Amino acid sequence: LCVIPNYLDVDRFTPLQGTDISVDNRRLLFVGRLSHEKNLINLAWAAHRAGIGLDLVGNGPQFEELKSLAVS
């Protein structure tokens with residue numbers, strides 16, 4: 001068994017000085033395969049309900065479904 005951590009190095013990836021990260025300017029970024037097991041429909045719904053912008057970057061079987069959801 002080999003464990004490969006999947007995390008973000010917050011010392012390396014921090015907002016630039018003077019960047020507005022206020023509540024009104026929050027966004028969420030997903031980068032990966034757009035597929036059912038990622039539960040992206042619920043992620044989009046939760047981000048919308050929380051008033052947070054969401055950017056999805058990737059391709060996969062749910063691409064068209066997520067694209068039509070974003071347009072509606």
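The following exercises, with worked solutions, concern a predicted model of a protein chain.

**Exercise 1.** Determine which pattern the secondary structure of the protein chain follows along the sequence.

*Solution.* Begin by counting the elements: the chain has two helices and two strands. Next, read them in sequence order, which gives β-α-β-α.

**Exercise 2.** Compare the radius of gyration of the protein chain with that of a compact globule of 72 residues.

*Solution.* First, take the reference value: a compact globule of 72 residues would have a radius of gyration near 11 Å. Then take the value for the protein chain, which is 15 Å. Along the principal axes, the C-alpha atoms fill a box of roughly 40 × 35 × 20 Å. Finally, consider burial: buried residues, those under 20% relative accessible area, make up 12% of the 72 residues.

**Exercise 3.** Identify the buried residues of helix α1 and explain why they line one face of the helix.

*Solution.* Step one: in α1, which spans residues 40-50, the buried residues are Leu-40, Ala-44 and Ala-47. Step two: viewed down the axis of α1, these residues fall within an arc of 65°, and therefore they line one face. Step three: the general rule is that an α-helix has 3.6 residues a turn, so residues three or four places apart point the same way.

**Exercise 4.** State what the buried residues of α1 pack against, and which exposed residues the face turned away from them carries.

*Solution.* On the buried side, the partners are β1 (27-31), β2 (53-57) and α2 (63-71). The face turned away from that side carries the exposed residues Trp-45 and Arg-49. Just after α1, Gly-51 adopts a positive phi of about 75°.

Terms used. Residues are numbered from 1 along each chain as its sequence is written. This is a predicted model: local features need pLDDT of at least 70, side-chain atom pairs count only at pLDDT 80 or more; totals for chains, interfaces and linings use all residues. Side-chain values use heavy atoms; hydrogens and water are left out. Helices (H or I, at least four residues) and strands (E, at least two) are DSSP runs, numbered from the N terminus. The radius of gyration is taken over C-alpha atoms; the globule rule is 2.2 Å times the number of residues to the power 0.38. Buried means under 20% relative accessible area, exposed over 50%, partly exposed in between (1.4 Å probe, protein chains only). The arc is that of the directions from the helix axis to the C-beta atoms. Contact means heavy atoms within 4.5 Å.
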